[in-house]
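Please keep the sequence and the model in view while reading.

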Amino acid sequence: MTIPLSYYVILSAVVFLTGVVGVLIRRNIIAILLSVELMLNATNINFVAFSRYLEDLGGQVFVFFALTVAAAEVAVGLAIIIALHRSKESINIEDFKLLKW
Amino acid sequence: MAQLVFGYFAGVIAVAAVLVVALRNPVYSVLSLLVMFFHVAGLYITLHAEFLAAVQIIVYAGAILVLYLFVLMLLNSKQDDRYHRQWQMAVILCCPLFLELMVLFAGVDPGATDPLAAAPMNSGEDNTRAIGLTLFSTYLFPFEVASLILLVAMIGAIMLAKRDIGRQGA
């Protein structure tokens with residue numbers, strides 16, 4: 001009747017891999033940040049599932065902290081994107097290759 | 001019944017996650033991510049984490065995605081967003097990861113001998129109250145550090161996005 005823990009882990013792994021692929025193949029910087037959000041949510045699903053199955057609220061508290069860090073990441077990331085767009089008029093990742101050899 | 005609900009939520013989450021990466025238009029990606037966040041919140045409710053479900057909707061769907069959409073509209077990006085030139089390399093790198101996962105889960109016997117069967121939490125207790133008690137007793141110091149992170153992020157975002165920060169002074 002109940003759902004085994006491994007199902008949640010598999011779901012989380014699928015979402016995380018999707019996020020990794022998105023970070024690697026997208027060229028729009030905002031789409032890359034969205035993929036990072038996908039990965040953060042995958043870890044959150046894991047935390048909540050383990051918190052339920054181990055009967056420990058620590059997992060849910062850590063999701064709370066992950067959420068805080070995600071909000072900070074989005075604020076700083078979008079500010080960086082705005083600054084980049086101001087200097088280069090582009091949010092395509094291939095236009096920024098100053099540090100690339 | 002529980003499996004049906006989990007199947008629905010898991011299916012929508014997986015499909016929406018793939019759509020976030022696959023859709024060309026970033027606005028559609030953001031909307032697909034919104035659908036995914038709502039279903040993740042539903043999954044949290046089935047896991048008896050009602051407080052986190054509410055926070056998920058308020059913070060992620062209400063604040064973070066609105067910020068994304070705002071910046072997207074502000075920058076007015078053209079839609080010619082194709083995939084990165086390195087996508088072959090990405091596929092090559094991700095195939096071993098995926099194979100590892102499959103090998104790992106092939107060894108898992110789903111359900112039959114799961115030592116961690118879902119233990120019924122004492123449902124009489126309030127989830128929000130329990131989280132609050134844990135957060136402000138055991139995790140008090142990390143909570144304060146989180147507030148510091150938010151402050152640093154706020155100042156950093158203002159400094160980064162402000163126009164002509166150097167020229168205004170003097």
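Which residues in α2(A) meet residues in α2(B)? The model is predicted, and in this model the residues on the side of α2(A) are Leu34(A), Glu37(A), Leu38(A), Asn41(A), Asn44(A), Ile45(A) and Val48(A). They meet Pro26(B), Ser29(B), Val30(B), Leu33(B), Met36(B), Phe37(B), Val40(B), Leu43(B) and Tyr44(B) in α2(B). Sorted by class, this contact of α2(A) with α2(B) holds 12 nonpolar, 3 polar and 1 charged residues.

Two packed helices are described by the angle between their axes and the distance between the axes. For α2(A) and α2(B), which spans residues 26-46 of chain B, the angle is about 5 degrees and the axes are 11 Å apart. Because angles under 35 degrees count as roughly parallel, α2(A) is roughly parallel to α2(B).

Chain A itself has 3 helices and 0 strands, and its elements follow the order α-α-α from the N terminus on. Of its 101 residues, 59% count as buried. Among the contacts in chain A with a separation of 6 or more, 59% are made by residues 24 or more positions apart.

| Residue | Relative accessibility | State |
|---|---|---|
| Tyr8(A) | 2% | buried |
| Phe6(B) | 9% | buried |

Elsewhere, ring pairs link Phe47(A), Phe62(A), Phe64(A), Phe65(A), Phe51(B) and Tyr139(B) into a cluster.

Side chains of opposite charge can pair when their charged atoms come close. The count here is 1 salt bridge over all chains, in which the side chains of Glu94(A) and Arg27(A) meet at 3.3 Å, N to O. This pair links distant parts of the chain, 67 residues apart, with Glu94(A) in the segment after α3 (58-88) of chain A and Arg27(A) in the loop between α1 and α2 (29-53) of chain A. Are Glu94(A) and Arg27(A) buried or exposed? Glu94(A) is buried, and Arg27(A) is buried as well.

Notes: Residues are numbered from 1 along each chain as its sequence is written. Chains are lettered from A and ligands numbered from 1 in the order in which they are written. This is a predicted model: local features need pLDDT of at least 70, side-chain atom pairs count only at pLDDT 80 or more; totals for chains, interfaces and linings use all residues. Side-chain values use heavy atoms; hydrogens and water are left out. Buried means under 20% relative accessible area, exposed over 50%, partly exposed in between (1.4 Å probe, protein chains only). Rings of Phe, Tyr and Trp (its six-membered ring) pair if their centres lie within 6.5 Å; planes under 30 degrees apart count as stacked, over 60 as edge-to-face and the rest as tilted. A salt bridge is a side-chain nitrogen of Lys or Arg within 4 Å of a carboxyl oxygen of Asp or Glu. Helices (H or I, at least four residues) and strands (E, at least two) are DSSP runs, numbered from the N terminus. Axes are lines fitted to C-alpha atoms, for helices over the stretch in contact, and angles run from 0 to 180 degrees between N-to-C directions. Angles under 35 degrees count as roughly parallel, over 145 as roughly antiparallel, 65 to 115 as roughly perpendicular and the rest as oblique. Contact means heavy atoms within 4.5 Å. Ala, Val, Leu, Ile, Met, Phe, Trp, Tyr, Cys and Pro count as nonpolar, Asp, Glu, Lys and Arg as charged, and the others, Gly among them, as polar.
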